[in-house]
Amino acid sequence: MCKRHKRFVIFLDVDGVLNTTTTVQKTPDGYTGIDDARVEVLAKTIEKIGGADLVLSSDWKEMKPTDDDYVYLISKLALCGLSIDGQTQDQMYKRGEGILKFLKAHPEIEEYVVLDDCRFDFQKDRKLWEHLLLTNGIENAQFASETPAVEAIVFRDYLKLF
């Protein structure tokens with residue numbers, strides 16, 4: 001499912017990463033929208049690190065590709081040259097489990113970062129915890145772990161440039 005880079009993957013949550021409670025834009029269905037500036041920060045950071053695949057770990061993955069809000073998400077990402085390259089499969093509040101399954105199914109992935117505003121079950125796996133950047137908007141990403149993985153450190157440092 002990873003098609004472009006295969007080496008570096010960003011597991012992307014949407015709410016709390018590409019928007020916050022202060023976001024004024026709305027989706028077609030009336031939910032909190034996506035901030036163009038945050039998508040741009042993500043795109044510039046991905047460019048700076050040399051490219052990455054985006055794997056949707058957000059609840060937005062539960063939508064059908066034809067749903068208005070999903071089409072909206074895809075169009076917002078496309079404005080900055082981004083696309084969804086895959087998605088995790090998990091049950092509610094077991095987002096980490098879904099990421100671990102995805103990583104196991106794709107051994108070609110060498111490096112990854114998890115962008116999420118919630119802790120879910122990430123702390124159950126030390127490596128996931130070390131790769132997690134907790135966000136309140138992508139520009140406010142912080143390390144979850146006291147000993148973050150190198151990829152998380154580099155990614156956050158690049159985020160701070162924009």
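**Exercise 1.** Which residues of helix H3 (residues 95–105) are buried?

*Solution.* The structure is a predicted model, and the step that sorts its residues takes buried to mean under 20% relative accessible area. Applied to H3, this cut-off gives Arg95, Gly96, Gly98, Ile99, Phe102 and Leu103 as the buried residues. The next step is to look along the axis: these residues cover an arc of only 160° around it, which puts them on the same side of H3. An α-helix has 3.6 residues a turn, so residues three or four places apart point the same way. On the other side of H3, Lys104 and Ala105 are exposed. Finally, the packing partners of the buried residues are E1, E2, strand E3 (84–87), E4 and helix H4 (126–131).

**Exercise 2.** Find the residues with the most contacts inside the largest nonpolar core, and trace the elements that supply this core.

*Solution.* The core holds 30 residues, and those with the most contacts inside it are Ile10, Leu18, Leu42, Leu115 and Phe155. Among the elements that each supply at least two of its residues are strand E1 (8–12), strand E4 (111–116) and helix H5 (150–159), while the largest share, five residues, comes from H1. Phe155 touches, beyond four places in sequence, Phe8, Ile10, Leu42, Thr45, Ile49, Val113, Leu115 and Leu133. A second, separate core of 15 residues includes Ile99 and Phe102, both of which are among the buried residues of H3.

**Exercise 3.** Describe the lining of the largest pocket by class.

*Solution.* The pocket, with a volume of about 250 Å³, is lined by 17 residues, of which Asp59, Met92, Tyr93, Arg95 and Phe120 lie nearest its centre. Sorted by class, the lining has five nonpolar, two polar and 10 charged residues.

How values were computed: Residues are numbered from 1 along each chain as its sequence is written. This is a predicted model: local features need pLDDT of at least 70, side-chain atom pairs count only at pLDDT 80 or more; totals for chains, interfaces and linings use all residues. Side-chain values use heavy atoms; hydrogens and water are left out. A nonpolar core is a set of buried Ala, Val, Leu, Ile, Met, Phe, Trp, Tyr and Cys residues joined through side-chain atoms within 4.5 Å. Buried means under 20% relative accessible area, exposed over 50%, partly exposed in between (1.4 Å probe, protein chains only). Helices (H or I, at least four residues) and strands (E, at least two) are DSSP runs, numbered from the N terminus. Contact means heavy atoms within 4.5 Å. The arc is that of the directions from the helix axis to the C-beta atoms. On a 1 Å grid over the protein atoms alone, a cavity is a set of points where a 1.4 Å probe fits but cannot get out, and a pocket is an open set with protein on both sides within 12 Å along at least five of seven lines; lining residues have an atom within 4 Å of a point. Grid points are joined across faces, edges and corners, and a volume is the space filled by probe spheres set on the points. Ala, Val, Leu, Ile, Met, Phe, Trp, Tyr, Cys and Pro count as nonpolar, Asp, Glu, Lys and Arg as charged, and the others, Gly among them, as polar.
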